[in-house]
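Subject: Structure handover

Hello,

Please find the structure below. My notes on its packing and its aromatic rings follow.

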Amino acid sequence: MYIYDEIDQTLVDQRVNQFRDQVRRRIAGELSEDEFKPLRLMNGVYLQLHAYMLRVAIPYGTLSAEQLRKLAWIARKYDRGYGHFTTRQNLQYNWPKLEELPDLLAELAGVQMHALQTSGNCIRNVTADQYAGVAADEVIDPRIHAEIIRQWSTLHPEFTFLPRKFKIAVTGAETDRAAVKVHDIGLIAKRDAAGELGFEVIVGGGQGRTPMVGPTIRDFLPEKYLLSYLEAVLRVYNRLGRRDNMYKARIKIQVHETGAEKFTEMVEREWEQIRDTAVELPAGERERIAAFFNPPLYDATGDGAEILARDVAGDADFARWVSTNVAAHKADGYAIANISLKPIGGVPGDASAEQMDAVAALAERFSLSEIRVTHEQNLVLPHVRQDDLYAVWQTLKSYDLHTPNLGLVSDMIACPGLDYCALANARSIPLAQEISQRFADLDRQHDIGELKLKISGCINACGHHHVGHIGILGVDRKGEEYYQITLGGSGAEDASLGDIIGPAFPYDRVVNAIETLVDAYLGVRADGERFLDTYRRLGADPFKEALYGTH
Amino acid sequence: MALIKDRELSQDSWLYIEDGAPVPSAGGAIVSLERWQAERDQLSGRNAPIGVRLDADTAPESLAVDIDRLDLIAVPFDHFKDGRGYSTGRLLRERFGFTGELRAVGDVLRDQLAFLERCGFDSFEYAGGTAAADALKAFDEIGVVYQTATDRRQTAAAVRNHPSRAFSNGTSG
Amino acid sequence: MTQKVISANRLGDGLVVYLATDGSWAEWISGSVIALDEATADAMLAQARQAEQDRIVIDPYLIDVAEVDGQVRPTKYREFIRATGPSVRPDLSKQNYVPDPASHETGAHDTGV
């Protein structure tokens, strides 16, 4: 992973000092809240329902064991002993004090971390495939360019006061684990016929109030032009994106209202002017950054698969966990271990300080000190030897991190919702907990198969409900919590937005409704069909019928 | 309002002239864009510096023909959150080659100064609550830049690739 | 007019506070001053806005409350959550972090708000 040198470290250290002074000025009254708010947002500091909230950046979801340990330490010292992993691969603390934030940020800087640009109308954390560098189907490790983009976008003087937030995601594999098509800019690394590296550029995807799958505006952008092209897109957006209505200010609206073709022309025209200028990285810098993502020195023993098979045969619970949570690794003898942060009945995506420490220790011992955060609010140990998996799992068990439910119905995404968030209309966490408990039986979950259920407590869609196979959106109906159900969404390379299938349900009828939908699917599915596949084949009718008794 | 020019507190040697009011024959005069476009020959015929105050949505392209006749361009920020002026500044400098005084006016606060300077602005009608003398510290708070901009400060990458060069804070223009 | 109290977040630590009778800011809604008429509500809001100017709180606003079993209780669920803590973490409730001056036990579970 990328390691800071003195230069990178200087920036985060100076940033902490700058923020320390901004906090001082706020508390002393030299800055009003209106003036302070954009400044604190640029450091990821929100004011939420109960307290401030700090969103720590975890660039493209990659963490070292040391960093994760520090996050645990901070949770204990400055917060209430836990953190929440988000749908943008970041970590949120829910109870930091403003007066202590400069010290907290200084602690983060000490392990090469920060909370820069995790909020505000600027370019946010660049997210990537959580299997980057270890997935067999990868063209290139997307984190190389995610890091290049991260640096380019950090304190970019021209793009610090955009019409609205800006989210970029990168994938290096054909299987899209980064939901690039519902981002402001999505990048898919690929090679052209001559084997040259480049990117498919997608602009104008997004969720929220007006979800859209982004159009591809360029099929192939040669790699060496990445930054100049991004600069062109951002400049067109900064100059002409809507600023009159905050609900219409994302680039997706601009692309939609301008028309993708015309928008593309505008970008290409701007890009012509800057493509061979200094905005691109100098020779050597790209190589320097790429070198941080070279594959590590793997040293499998050769009998890993055999040992794993034996461990699987000897323990049915372990076997089940392997079948759901372990993915194939590109290196022989290795595996990718997914750690579910969705224990049955638990708060999705939350991890206690103890759990964070446990995962850090496991990473140190068994995963070359590296951890990944997924945008589906789980963790990954990306470099585990097959013969070590059993030991890993046994430790996970003692921390309730062993739930074998990756991709199953209880592996839900849920935003913090009305329990924490000032923007929410309804609670999402207790609903997730109740649904999880209804489907607690793992045999049942396995039988149902892959089912991505995503819950948002408001239209801002931080729970990504638009791309849930089943999506649930909390709404406020005359002071009561109601929930709108959507079906058929997907955030993968087959991206689609879910369809609303009927009237919303009050809180106490939602769990039954979900169960009804699942049973309806089980009643009509063809062999090997996931819920999503059955929905796409048959449409909404059988589901509407089951839920509402009508077509 | 305090004027910051070239990172110092400065006396303003320019006057804003209202549309319809006579333009003095001497001294720096800043007129509206409309007036400039209506009276450009007379105004540049004056033997004195002439400046133009744009609107927030003025496209810098529309000034391309005038660049060499202007000594000052004032770019307004109606609200500090409106970031269009940063692109405007960059384009006026980098694309259209403006070499005169590029002034940020309007809701110009302390924490925007460093970003503005990087985008080519060399003077600022400072409107923030902190004392202007304190605001000057803003220029030096972050000594590392990752990306190129108008100011041609050494980026982190440039420093790394030419280790003999130390970090320097370039000024714009 | 329904009864109203002033709710805000404290600047320094971000915690939810309520305007109290003596003009201070209470962490428990049980300590809040209650407006029974519009004039009082307006005066309270003005007082709260001054506290915002004085950098004690951020974003004060009026909320509707009712008295239930002798206890002050917000009528909107969102405000109830603000007054008591996240519904999914009773261990993080105000009860467990802030002793209620109105209760006889510190940190004890309270049946009211």
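Start with Phe19(A): at 0% relative accessibility, this residue counts as buried. Phe36(A) counts as buried too, with its relative accessibility at 0%. Bear in mind that this is a predicted model.

These two residues belong together. Phe19(A) and Phe36(A) form a stacked aromatic pair. The centres are 6.3 Å apart, with 20 degrees between the planes. Phe19(A) sits in helix α1 (residues 6–28) of chain A. Phe36(A) sits in helix α2 (residues 33–41) of chain A. The pair links distant parts of the chain, 17 residues apart.

Now a second pair, Phe318(A) with Tyr390(A). The geometry here is edge-to-face: 4.7 Å centre to centre and 65 degrees between the planes. Phe318(A) lies in helix α11 (residues 316–325) of chain A, and Tyr390(A) in helix α13 (residues 389–398) of chain A, so the pair ties together parts that are 72 residues apart in sequence. Are the two partners buried or partly exposed? Phe318(A) is buried, with a relative accessible area of 0%. Tyr390(A) counts as partly exposed because its relative accessibility is 22%, and buried means under 20%.

Over all chains, the structure holds 25 aromatic pairs. Ring pairs also build a cluster from Phe161(A), Phe77(B), Phe80(B), Tyr86(B) and Phe121(B).

Two arginines sit over rings. The charged end of Arg275(A) is over the ring of Trp271(A), 4.5 Å from its centre. The charged end of Arg89(C) is over the ring of Tyr82(A), also 4.5 Å from the ring centre.

On to the nonpolar cores. The largest has 156 residues. Which members touch the most others? They are Leu54(A), Leu71(A), Ile185(A), Leu381(A) and Ile73(B). Helix α6 (residues 226–240) of chain A gives the most to this core, with nine residues. A second, separate core has 33 residues. Among them are Val409(A), Leu431(A), Ile470(A) and Tyr535(A).

Best wishes

Terms used: Residues are numbered from 1 along each chain as its sequence is written. Chains are lettered from A and ligands numbered from 1 in the order in which they are written. This is a predicted model: local features need pLDDT of at least 70, side-chain atom pairs count only at pLDDT 80 or more; totals for chains, interfaces and linings use all residues. Side-chain values use heavy atoms; hydrogens and water are left out. A nonpolar core is a set of buried Ala, Val, Leu, Ile, Met, Phe, Trp, Tyr and Cys residues joined through side-chain atoms within 4.5 Å. Buried means under 20% relative accessible area, exposed over 50%, partly exposed in between (1.4 Å probe, protein chains only). Helices (H or I, at least four residues) and strands (E, at least two) are DSSP runs, numbered from the N terminus. Rings of Phe, Tyr and Trp (its six-membered ring) pair if their centres lie within 6.5 Å; planes under 30 degrees apart count as stacked, over 60 as edge-to-face and the rest as tilted. A charge sits over a ring if NZ of Lys or CZ of Arg is within 6 Å of the ring centre and within 35 degrees of the ring normal.
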